[in-house]
Amino acid sequence: MKILIVYSSLTGNTKKVCEKAFEYLNCEKEITAIETVSEEKLNSFENIIIGTWIDKATADEKARKLLKKLSGKNLYFIGTLAAALDSEHAKKCFNNLSKLCAKNNYFKTGVLARGRVSEDLQEKFNKFPLNIIHKFVPNMHEIILEAESHPNESDFDIIKNFISVNFNNL
């Protein structure tokens, strides 16, 4: 099996977990930032892992644009978000990413890991009432504090398990 990991990372969280996924893969593999991936590169891989940070409960804009270009690929995703992985928000994000990956492609599965919130977004939360930015997440300040140490070893273990189950047993 030959796998391409393409990631979009705003603060470095998604890059870190995608680099860990790359380390754990035991096959022919490549990794690249979404800004540098070529059409030729995308066409040369049947199996692609899309790394994305969560923006408004879905993939970030760069990842969404890339997904619209893909067709007939076996797609997987690795998403990073601040919210707890067992939260309703995380479930919604997983479902939204699954639907995005399934359009015109063969969606296989995905995984979420936690990541810290960018300084820029934290500043916005402090300047504006939370009900304007994240009206459906009343405990946003708690989530930000809990996510501060992520991604960490527990997130990397989640990624390791994802890779082991879906790729290294083939």
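Contact, in this talk, means heavy atoms within 4.5 Å. Helices are DSSP runs of H or I with at least four residues, strands are runs of E with at least two, and both are numbered from the N terminus.

A word on the source. This is a predicted model, where local features need pLDDT of at least 70, side-chain atom pairs count only at pLDDT 80 or more, and totals for chains, interfaces and linings use all residues. Residues are numbered from 1 along each chain as its sequence is written, and side-chain values use heavy atoms, with hydrogens and water left out.

Let's start with two helices. H1 covers residues 13-24 and H8 covers residues 153-168. Their axes lie 9 Å apart, at an angle of about 40 degrees. Axes here are lines fitted to C-alpha atoms over the stretch in contact, and angles run from 0 to 180 degrees between N-to-C directions. H1 and H8 are therefore oblique to each other. For the cut-offs: under 35 degrees is roughly parallel, over 145 roughly antiparallel, 65 to 115 roughly perpendicular, and the rest oblique.

Which residues meet? From H1, Lys 16, Val 17, Lys 20, Ala 21 and Tyr 24. From H8, Phe 156, Ile 159, Lys 160, Ile 163 and Asn 168. The residues of this contact divide into six nonpolar, one polar and three charged. Nonpolar means Ala, Val, Leu, Ile, Met, Phe, Trp, Tyr, Cys and Pro; charged means Asp, Glu, Lys and Arg; the others, Gly among them, are polar.

Next, Phe 45. Where is it? In the loop between helix H2 (39-43) and strand S3 (47-55). Its relative accessible area is 2%, so Phe 45 is buried. Buried is under 20%, exposed over 50%, partly exposed in between, with a 1.4 Å probe and protein chains only. Beyond its neighbours within four places in sequence, Phe 45 touches Lys 2, Ile 3, Leu 4, Glu 30 and Lys 73. Take Lys 73: 28 residues away in sequence, yet 7.9 Å from Phe 45, C-alpha to C-alpha.

Now backbone angles. Most residues other than glycine have a negative phi. Ala 57 has a positive one, near 70 degrees. Asn 104 also has a positive phi, about 65 degrees. Buried or exposed? Ala 57 is buried, at 5% relative accessible area. Asn 104 counts as exposed, at 57%. Ala 57 sits in the loop between S3 and strand S4 (58-59). Asn 104 sits in the loop between helix H4 (88-102) and strand S6 (106-114).
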